[in-house]
Amino acid sequence: MSKLIKQLLSLIVLLIPTITFASIDEVIEENFQPISHAVTQVVFYSVPIGPKNVPIVLIVLLLGALFFTLYFKFANIRLLGVAIKATKGDYDALDHAYEEGESIEKIIDVAESNKERKITPVIGEVTHFQALTAALSATVGLGNIAGVAVAIALGGPGAIIWMILAGFLGMSTKLVEATLGVKYREVGADGKIYGGPMYYLKKGLKEKNMAGLGKVLAIMYAIFVVGGSFGGGNMFQSNQATAQFMSLTGLESGFIFGLVLAALVGIVIIGGIKRIGKVTEKIVPFMGILFVGASLIIIFKNFDMIPNAAVQIWKGAFESDALLGGVVGVMIVGFQRAAFSNEAGVGSASIAHAAVKTKFPASEGIVASIGPFVDTVVICTMTALVIVITNLKYSLFEYANLEGSNVVMNGSGQKLGGVDLTSAAFDSAIPHFSVVLTIAVILFAFSTMLSWSYYGIQGWSYLFGKSKLADTTYKVLFLFVIIVGASSSLNSVVEFSDSMIFAMVFPNVLGLIILAPKAKQEIKRYLTAIKHKVED
């Protein structure tokens, strides 16, 4: 694989003086756009609800999240304190007090007897915090920076209310996904962990006497997660990072930037989840603090405008406006962008969480539930407030004055969308912040691609085996797709990325609903262990 990276770097040097990169961008876009559109038509098949057509996949996603929230008695809020303590490692000692899979009765018996026991080592590759940051690196990033801008451009300021609601509901879905991801994971001969929806669909449904259905859903999911890793986990990231870099530097083609980005990603993904975890645990907190800090500066500088912004957001969420497609239309945009941002119901994060060092599956499920809260409720809200406040103050654009996924900027007539729109909002309040945002965008895109490469290779390994050849083949394809994303238009990339991410919802949510009692049993077991350990 190191030979591959050297060859890729050599290719960059050779191609720079000889190729017209703009023409390569055009060829890639021309061939990619029809594929993207065709896939979108299938995945987002819609049914009429009131005045709007609603994609079936969104209905499945939201009903599933609502079911889990009620079934687990609002565990998304009730267990938030436990989640924070578990992330900090406060309950790690439990792994050295009990055996893997011990029943609730046995846990109580061991706690009461207080006998010395020989405990087997803890299986796993990363800590709770590393698993969370690896999963967050795939969600906290351009979905928050660019995705929120897309949501506001398409649905107006009211879309953020539905994003926040989807974030809260998504916490319950993540709880179930990650719990099952750890419960049904497998350990390879080399000690590597293999987990995620492919495994809990196959093994979990087999326990429910649904082996045939489990195999079909697992294969479907594996195919979709590979597609998702190429789409939302790769192309969207490289596209938006390239757009921001080109905007700042004046570079005319994304092709060369895509080559450089592919080479850098390739260097890290050789090391697998351990190296990815070490990189993301440093990048994610730093970039999160930087982005949230800048957002808070703008919000507090314009504190007097918060009431007006809040009124716009609230009215936009509930007052029908023909230009914005009415309440249902705004709701659809908000939920869709939230799902793309936090991936709750998509099942991808459970692949990263499955690698955690623990004997209690629910410990990681509870930790994972923090993800949508940080991603959607906190960071997406910050981004939205910045865009709405700066638009109120400087009248940057008119909501619903669109061309594709872009809004037409007042005065200049520029068409901005995604990260470009967020950058314009930040720049209007903090001059030259686009330089800092460019660094943030590239690092966020980089960390997201690292985590999604791990997700994709897990699906690829499930389909084609865990050989060195299969591993290398996937990584070469992943690096190639980075270049395609950097050279394509935002419209094509958003269509394809959404389609691939949301296709994963169908097999995953169906399996989660069937296996919810298994997750509930694991949560009860973990809370029992905490209770008795605290009492000791």
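Predicted model: local features only at pLDDT ≥ 70, side-chain atom pairs only at ≥ 80, totals over all residues.

Biologist: How many helices and strands does the chain have?

Modeller: There are 23 helices and seven strands. Helices (H or I, at least four residues) and strands (E, at least two) are DSSP runs, numbered from the N terminus.

Biologist: And what share of the residues is buried?

Modeller: Of the 536 residues, 59% count as buried. Buried means under 20% relative accessible area, exposed over 50%, and partly exposed in between (1.4 Å probe, protein chains only).

Biologist: OK, helices. At what angle do helix 9 and helix 18 cross?

Modeller: Roughly 170°, and the axes of helix 9 (residues 159-183) and helix 18 (residues 370-394) come within 8 Å. Axes are lines fitted to C-alpha atoms, for helices over the stretch in contact, and angles run from 0 to 180 degrees between N-to-C directions. Helix 9 and helix 18 are therefore roughly antiparallel. The cut-offs are under 35 degrees for roughly parallel, over 145 for roughly antiparallel, 65 to 115 for roughly perpendicular, and oblique for the rest.

Biologist: Which residues meet there?

Modeller: Among them are Ile160, Met163 and Phe168 in helix 9, and Pro372, Phe373 and Cys380 in helix 18. Contact means heavy atoms within 4.5 Å.

Biologist: Where is the kink in helix 18 centred?

Modeller: On cysteine 380, with a kink of about 30°. The bend at a residue is the angle between axes fitted to the seven residues ending there and the seven starting there.

Biologist: Is helix 18 largely enclosed or out in the open?

Modeller: Largely enclosed by the rest of the structure, because 19 of its 25 residues are buried. Just after helix 18, serine 395 takes a positive phi of about 50°.

Biologist: What about helix 10 and helix 20, how do they pack?

Modeller: Helix 10 (residues 197-207) and helix 20 (residues 433-464) pack at about 45°, with axes 10 Å apart. That makes helix 10 oblique to helix 20.

Biologist: New topic: where is lysine 73?

Modeller: Lysine 73 is in the loop between helix 3 (56-71) and helix 4 (75-78). Lysine 73 has a positive phi of about 55° although it is not a glycine.

Biologist: Buried or exposed?

Modeller: Lysine 73 counts as exposed, at 58% relative accessibility.

Note on methods: Residues numbered from 1 in each chain as written. Heavy atoms only, no water.
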